[in-house]
Amino acid sequence: KKGRQSCKAICAVHAEMSKDGMLRSPTFFVGGELQRKNLETFQRREQQLTEAYHKNKPLCFNARAYQKTHPVKARGGHRDADATLEAPLIVGVADGVSQIEEFGIDSSELPHELLRNCEELGMSQLIPGDTAPYRGPIPLVREAFESS
């Protein structure tokens, strides 16, 4: 309502008397109601297109990781057994158990191999056109673990 009042005020201010005594307004105010309706329709259509784009916009990660061994574990001679995965479509963290090193087992091997397998499987499932369909994170981790 406020916009219509200000438009009428602008039209009144811009209306000019011509030499032949006729009251005239600039051409962009001719058919103002129709133009206002067209503008509203255009804005609604633009909003619908924007919403559709955001709804169907592909999701992509831009991730980074930073790891630091806990000081107590570092003093005890334990290595950092945790692993991280940062890929365009996948983010992963695997918490290794550093205490198994006491049994002569490399504690970082399983977390790194698991995430490497998750990346291979995930990228093959998430990239359109590949044969294997993505069924969710739990089946992906289960299949990656079974192939580790």
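1. A salt bridge is counted here when a side-chain nitrogen of Lys or Arg lies within 4 Å of a carboxyl oxygen of Asp or Glu. By that rule the count for this protein is 1 salt bridge, and the two side chains that meet in a salt bridge are those of arginine 135 and glutamate 143, at 3.9 Å from N to O. Side chains of opposite charge can pair when their charged atoms come close.

2. Before reading further, please note that this is a predicted model, in which local features need pLDDT of at least 70 and side-chain atom pairs count only at pLDDT 80 or more, while totals for chains, interfaces and linings use all residues. Residues are numbered from 1 along each chain as its sequence is written, and side-chain values use heavy atoms, with hydrogens and water left out.

3. The protein has 5 helices and 4 strands, where helices (H or I, at least four residues) and strands (E, at least two) are DSSP runs numbered from the N terminus. Read from the N terminus on, the elements follow the order α-β-β-α-α-β-β-α-α.

4. Of the 148 residues in the protein, 18% are buried; buried means under 20% relative accessible area, exposed means over 50%, and partly exposed lies in between, with a 1.4 Å probe and protein chains only. On this scale arginine 135 is exposed, with a relative accessible area of 52%, whereas glutamate 143 is partly exposed at 31%.

5. Which residues make up the largest nonpolar core? The 6 residues are Ala83, Leu85, Ala87, Ile90, Ala94 and Leu115, a nonpolar core being a set of buried Ala, Val, Leu, Ile, Met, Phe, Trp, Tyr and Cys residues joined through side-chain atoms within 4.5 Å. A second, separate core of 5 residues includes Leu114, Cys118, Leu121 and Leu140. In soluble globular proteins, nonpolar side chains tend to be buried together.

6. Contact means heavy atoms within 4.5 Å, and, leaving aside neighbours within four places in sequence, alanine 94 is in contact with Ala81, Asp82, Ala83, Pro111 and Leu115. Glutamine 125, which is found in helix H4, is buried at 9% relative accessibility; apart from residues up to four places away in sequence, glutamine 125 touches Ala132, Pro133, Tyr134, Arg135, Leu140 and Glu143, a list that includes both partners of the salt bridge.

7. The largest pocket has a volume of about 220 Å³. A pocket is an open set of points, on a 1 Å grid over the protein atoms alone, where a 1.4 Å probe fits, with protein on both sides within 12 Å along at least five of seven lines, and lining residues have an atom within 4 Å of a point. Among its 15 lining residues, the closest to the centre are Ile90, Val91, Gly92, Leu140 and Val141, and the elements that give two or more residues to the lining are strand E4 (91-94), helix H4 (109-126) and helix H5 (137-146). By class, the lining has 14 nonpolar, 1 polar and no charged residues.

8. Two further positions deserve a look in the model. Valine 91, in strand E4, is partly exposed with a relative accessible area of 45%, and its C-alpha is 9.2 Å from that of asparagine 62, 29 residues away in sequence. Proline 137, in helix H5, is exposed at 56%, and its C-alpha is separated by 9.3 Å from that of cysteine 118, 19 residues apart along the chain.

Note on methods
Points joined across faces, edges and corners; volume = space filled by probe spheres on them. Nonpolar A, V, L, I, M, F, W, Y, C, P; charged D, E, K, R; others polar.
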